[in-house]
Structure formats: C-alpha cells, structure tokens
Amino acid sequence: LKAYTTEDGSIVTFRPDLNAERMMDSARRLEMPPFPKERFLEAVDQVVKANAAWVPPFGSGATLYLRPYMFATGPVIGVKPSQEYQALTLRAEPNL
C-alpha cells in the first residue's frame with residue numbers, strides 16, 4: 001500500500017479500499033477474524049498522517065510504503081486457529 005504526494009502537495013494512498021478487502025480475504029483464508037474495512041481505512045489515514053514527513057515529494061518517483069499485517073498472539077503453536085490476534089499493525093518505510 002503506497003502513499004505519495006500529488007502535484008498540489010496533498011498526500012494520497014493508492015487503492016486503500018482494495019487493500020482492506022485483500023486483508024479481509026487473507027484473514028478468512030487463514031481462519032483469522034477479518035479486520036473491519038472502515039477501521040483499516042482509519043488506521044491507514046492515521047499512519048499516513050503520523051508519517052507525513054516521510055512521504056517523498058511530488059516528482060521524485062518515490063512513495064511511502066505501508067505494510068499491513070496481522071499475527072496470532074495466542075500461547076499455542078500448532079495446527080489450529082489461535083484465539084488471540086494482534087488486530088492490525090502498519091509499518092511505514094520509504095520506497096525510494
């Protein structure tokens with residue numbers, strides 16, 4: 001999921017709604033509870049705002065890459081779904 005600066009100086013993200021749906025589909029396939037789309041979009045907005053200084057300027061060809069992921073936090077390692085999950089973590093990194 002990429003955030004970039006437009007010519008007018010606005011910071012936008014590329015298809016966050018489709019990334020939210022992909023995240024929900026992946027969670028279902030892994031028998032994890034799907035993270036709600038609206039909360040995903042809110043989290044993306046918050047992470048982009050918090051990292052606005054790292055979004056490359058318009059014309060640089062670079063973006064800020066956001067990596068959404070979920071992981072199990074339950075105490076069991078095995079072949080069964082966990083009962084606990086870290087809901088959502090987004091890591092931002094410059095993509096130069």
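View 1. Of the 16 residues in the largest nonpolar core, the ones touching the most other members are L1, F40, V44, V48, L64, L66 and M70. Helix 1, helix 2 (37–50) and strand 3 each put in at least two residues, and helix 2 gives the most, with five. Here, a nonpolar core is a set of buried Ala, Val, Leu, Ile, Met, Phe, Trp, Tyr and Cys residues joined through side-chain atoms within 4.5 Å. Buried means under 20% relative accessible area, exposed means over 50%, and partly exposed is in between (1.4 Å probe, protein chains only). Helices (H or I, at least four residues) and strands (E, at least two) are DSSP runs, numbered from the N terminus. As background, nonpolar side chains tend to be buried together in soluble globular proteins.

A quick note before the other views: this is a predicted model, so local features need pLDDT of at least 70 and side-chain atom pairs count only at pLDDT 80 or more, while totals for chains, interfaces and linings use all residues. Residues are numbered from 1 along each chain as its sequence is written, and side-chain values use heavy atoms, with hydrogens and water left out.

**View 2. A salt bridge between K37 and E21**. The closest N and O atoms of this pair are 2.7 Å apart. A salt bridge here is a side-chain nitrogen of Lys or Arg within 4 Å of a carboxyl oxygen of Asp or Glu, and by that rule the count comes to two. K37 sits in helix 2 and E21 in helix 1, so the pair ties together parts that are 16 residues apart in sequence. K37 counts as partly exposed at 26% relative accessibility, and E21 is partly exposed too, at 35%.

View 3. D25 is partly exposed at 38%, and R28 is partly exposed at 45%. Helix 1 itself covers residues 16–29.

**View 4. S82 in the loop between strand 3 (63–72) and strand 4 (85–95)**. At 17% relative accessibility, S82 counts as buried. A polar atom of its side chain lies 2.8 Å from the backbone oxygen of E84. Leaving aside residues up to four places away in sequence, S82 touches A72, T73 and G74 (contact: heavy atoms within 4.5 Å).

Notes: A polar contact is a pair of N or O atoms within 3.5 Å; within protein, one must be able to donate a hydrogen and the other to accept it, and residues adjacent in sequence count only if both atoms are side-chain atoms.
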